[in-house]
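Visitor: I have a structure open and would like to talk it through. Could we take it piece by piece?

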Amino acid sequence: MFKKLKEFLYLGRLNNPTGALLLAYPCFWGIALAKPDVNILFYYTIVFLIGSFSMRAAGCAWNDIQDRDLDKLVMRTKNRPIASGKLTIMEGIMFIIFNSLIILLSTFAILIKLF
C-alpha cells in the first residue's frame, strides 16, 4: 500500500514542490497586496497553497496520461508511474478527480469567506 502511495506522490510531483510553489507565489503576492488582517492572510495563504499543490498534481497526472507512450521512449521520463506501468490510466484519472475535488473545495472555501 505504501508503495502505491509513493507512486501517487511521484505522479503528482509532490516530491518536488518547486512547480506548485511557483504557481502559488502570485496568489501570495495578491493576498499580501490586499493588506488583510493576519487571520484572513493566514486563511487565504493556506487555501491557495493547498489549491496550488492540488492543481499542479492534477496537471502533472494529466500530462503523464497523455504522454505515456512518448515517456516510455525518453530516458528521463521512462520511470514515471504511468509510463512504467506502476499505476494504471484509471488510477491516474481517479487521482485527477480526487485533486479536482480538493480544488473545488478550496474554491468553495474562498467563496464562503468572501460572502
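Visitor: Let me start with one residue. Is S54 buried or exposed?

Guide: This is a predicted model, and in it S54 counts as buried, because its relative accessibility is 5% and the limit for buried is under 20%. S54 is located in helix α3.

Visitor: What is S54 in contact with, leaving aside its neighbours within four places in sequence?

Guide: With those neighbours left aside, S54 is in contact with N99, I102 and I103. Of these, N99 and I103 are listed among the buried residues of α5.

Visitor: Which residues of α5 are buried, then?

Guide: The buried residues of α5 are G92, F95, I96, N99, I103, S106, A109 and I110. They pack against α1, which covers residues 2–11, and against α3.

Visitor: How far apart are the end C-alpha atoms of α5, and what span should its 26 residues have?

Guide: At 1.5 Å a residue, α5 should span 38 Å, and its end C-alpha atoms are 38 Å apart, so the two values agree.

Visitor: Now aromatics. How many aromatic pairs are there in the whole structure?

Guide: The search of the whole structure finds five aromatic pairs. One of them, formed by F8 and F95, is stacked, with 5.7 Å centre to centre and 20 degrees between the planes. This pair links distant parts of the chain, since F8 is in helix α1 and F95 in helix α5, 87 residues apart. F95 counts as buried, because its relative accessibility is 9%.

Visitor: How are the rings of Y25 and W29 arranged?

Guide: Their ring centres are 6.5 Å apart and their planes are at 25 degrees, so this pair is stacked, planes under 30 degrees apart being counted that way. Both residues lie in helix α2, four residues apart, which is about one turn of the helix. Y25 is partly exposed, at 37% relative accessible area, whereas W29 is exposed, at 57%. Ring pairs also link Y25, F28 and W29 into a cluster.

Visitor: Since α2 has come up, where does it bend?

Guide: Helix α2 bends by about 30 degrees at A24, and a proline, P26, follows within four residues. Helix α2 has 17 residues (18–34), which at 1.5 Å a residue should span 24 Å; the end C-alpha atoms are 25 Å apart, which agrees.

Visitor: Which residues of α2 are buried, and what covers them?

Guide: The buried residues are A20, A24, F28 and I31. What covers them includes α3.

Visitor: What follows α2?

Guide: K35 follows, and its phi is positive, near 50 degrees.

Visitor: Last topic, cysteines. How many disulfides does the structure hold?

Guide: The structure holds zero disulfides. For C27, the nearest cysteine sulfur is that of C60, 16 Å away. That pair does not qualify, because a disulfide requires sulfur atoms within 2.5 Å.

Visitor: And is C60 buried or exposed?

Guide: C60 is buried, with a relative accessible area of 13%. C27, in turn, is partly exposed, with a relative accessible area of 25%.

How values were computed. Residues are numbered from 1 along each chain as its sequence is written. This is a predicted model: local features need pLDDT of at least 70, side-chain atom pairs count only at pLDDT 80 or more; totals for chains, interfaces and linings use all residues. Side-chain values use heavy atoms; hydrogens and water are left out. Helices (H or I, at least four residues) and strands (E, at least two) are DSSP runs, numbered from the N terminus. The expected span of a helix is 1.5 Å times one less than its number of residues. The bend at a residue is the angle between axes fitted to the seven residues ending there and the seven starting there. Buried means under 20% relative accessible area, exposed over 50%, partly exposed in between (1.4 Å probe, protein chains only). Contact means heavy atoms within 4.5 Å. Rings of Phe, Tyr and Trp (its six-membered ring) pair if their centres lie within 6.5 Å; planes under 30 degrees apart count as stacked, over 60 as edge-to-face and the rest as tilted.
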